[in-house]
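Please read the following explanation with the structure open beside it. It moves from strand to strand, and then on to a loop and a pocket.

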Amino acid sequence: MKSSATKKQKSILWLLPLALILLAVAEFAARTFYEESAPPLFIADTNDAKGEWIVNADRNAMISIDPHQRFNIEKEANAFRIFIIGGAATRGIPYGPHIAYPAQLENILGSLHSNRSIEMVNCGAPDMQSSEMLTLAKNILAKHQPDLIIINPGHSERLSAQSGSSFRLLDLTRKMISGEDNSSVLRKDQTLMTPAVQAVSLTSPEVSDYFAANLQELIDHAKQNGVDLLLCNSPLNMNEDSSAEELTRLNEILEAAAESNGTVLVDVRAAFETLASDSSLFHSPIHPTYEGQYVIAREIARTMSQQQMIADEWDWSTAEGDSAYLAMTGITAVDLEIAKYMTWRTFPQVAADGSKLPYRPVSGNNTAQLAAAFVDSLQHDFTAPHITAGTKAMRKKDFSRAIVEFQAALNINPHCDTYNLLGAVHNQLAETAYRMAKNFQAASSHYQQGVKYYQAGLERCPDHIRLNYNLGLLHTMRSDRLDEARALFERVLALAPTHANALGQMAKILIRKKNFDQANQALHRAIDIHPDVADYYTDLGVIAAQQRDYFRAEAWFQKARTLNPKDQQTKYMLNQVRAMMKKIKQIEP
């Protein structure tokens, strides 16, 4: 009996290594299946004239990087392309991506290397797991020609009932049992700043070993592809100890991996420690302020300089000051309000009696309400509140505020409609300066700015009707640009044959060029489309008056006055025509 039990124990002991081997093989197969079945994060934009990679919305629903990332499919010869993969700090939370350290790093590098085209792609997402970082890095290395990959992981690596296991085998098994699609293995987070629900965190050997293994595989792939890699450790908030243990363990793993592989480490932790007394660097236990984001960007730039990346010699004499780089983010009152409200909502401060302290806005009530509505609705597109604030400012003729907000929206997403909004502000300012103040220098400056924004938008969207029309309208301010204006209106009509305003503006150009027959034709086409627009009849009256057909001119001006009795200019021209008719009548025998 004893011999039989001993044999059974030996059999079990022999089976344990085999079971572990089979488990490892199954995990490898599961991970391979996931990586091959996961859709790519970037896809070609078939609707863009420039030929760019854009974020795949279906894939991004699983991780939530900035959805507006885009970069050229055909990499330019002088481009230096950087991908940054990381967590919430890389995404910019609680700010928009235009304030995150990748955007600030792009500003620094752009000022120091004006002869190079710096392409920065921010692949930061809240709760980014090491398995996801590895999958993204492999895809980037295989398809997108990076010159540098920067890894700045958050401390959210874990096994969690909320987000699924760090192990693909467990994830896939759970998904198959529940009947869910395997492509949705990743967590679909609905908030950008929600504290993680952690079942087993980085402090456990199980998770930290898995994180280290994924990090090692990522380093190996970068080496095999001959692409430079930077690892960033994490700063510790000296005023907060709730996350210190996890961040310390994360830094230990990163620093050990950098040392053992000869990989360059960006010592962000040390950079923050030198500024330990500065309480303005953190919004929350783990999220840096925009000044803290700048510290990260500056330390990465310094490390790149030491490693002679981009160029052997960096001319730091061309660098801007810290305040200038911070100003380049275009941060506005909307950004500051969103950041404060999001932090208050996620990490509420509690009074001595345990009650939640009320929110105190940093700006006016309108901006505070806008920020609260944005955060409470769980929106992820930071362009929306800036467009809303800019539009409201424009209605109030607060053009300076409108420009600031629209520019912030453009920094987040170079959308054609935003180029059009910025062009429209400068168009209106140019017209006001010219017609009302007779300030020709200011008018010329706003004219040039308007042209710049309209042309930049048309470079991206050549068939954008409003961009074509509004640029044509702006050119009508200049007598030497009338041919360009007419060509743009003709372009609009080719895209939208019933665009009556384009016909009306083209008629005005033809009148200025004394081409009355074609102007007449254009105006009658416009009237066929919109017969109740007084301006068309006024211009027909102008043509008739210039042809000395005063009776017809009177009829057209009278029709215009019927449609718009408040138009004083038409009233004046009508009186002039009637005076001329009276004078002619007196002369006649």
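Strand β4 (residues 79-86) is joined to strand β5 (residues 117-124) by 8 bridges, and the two strands run parallel; helices (H or I, at least four residues) and strands (E, at least two) are DSSP runs numbered from the N terminus, and two strands pair if DSSP finds at least two bridges between them. This is a predicted model, in which local features need pLDDT of at least 70 and side-chain atom pairs count only at pLDDT 80 or more, while totals for chains, interfaces and linings use all residues. Residues are numbered from 1 along each chain as its sequence is written, and side-chain values use heavy atoms, with hydrogens and water left out.

β4 also pairs with strand β6 (residues 148-152), to which 5 bridges join it, again in a parallel run. In general, strands of a sheet pair through backbone hydrogen bonds, either parallel or antiparallel.

How many of the residues of β4 are buried? The count is 8 of 8, and the strand is mostly covered, where buried means under 20% relative accessible area, exposed over 50% and partly exposed in between (1.4 Å probe, protein chains only). In a regular strand the side chains alternate between the two faces of the sheet. In β4 both faces are covered, with Ala79, Arg81, Phe83 and Ile85 buried on one side, and Phe80, Ile82, Ile84 and Gly86 buried on the other.

The parallel strands β6 and β7 are joined by 4 bridges, and Leu148 has Asp228 in β7 as its bridge partner. β7 in turn is joined by 3 bridges to strand β8 (residues 264-266), also running parallel, and here Leu230 stands opposite Val264 in β8.

Another sheet is open and is formed by 3 strands in the order β1-β2-β3, with antiparallel pairing. β1 and β3 stand at its edges, each with a single partner strand, so one side of each is left without a neighbour in the sheet. Between β1 and strand β2 (residues 52-55) there are 3 bridges, and Ile43 has Ile54 in β2 as its bridge partner.

Leu41 lies in the loop between α1 (2-37) and β1 (42-44). Is Leu41 buried or exposed? Leu41 is buried, because its relative accessible area is 2%. Beyond its neighbours within four places in sequence, Leu41 is in contact (heavy atoms within 4.5 Å) with residues including Ile54, Arg59, Ile63 and Leu136. Leu41 and Cys123 are 82 residues apart in sequence, and their C-alpha atoms are 9.4 Å apart in space.

The last stop is the largest pocket, which is lined by 32 residues, of which Glu106, Leu410, Asn411, Pro414 and Arg460 lie nearest its centre. A pocket here is an open set of points on a 1 Å grid over the protein atoms alone, where a 1.4 Å probe fits and protein lies on both sides within 12 Å along at least five of seven lines; lining residues have an atom within 4 Å of a point. β5 gives the most to this lining, with 6 residues.
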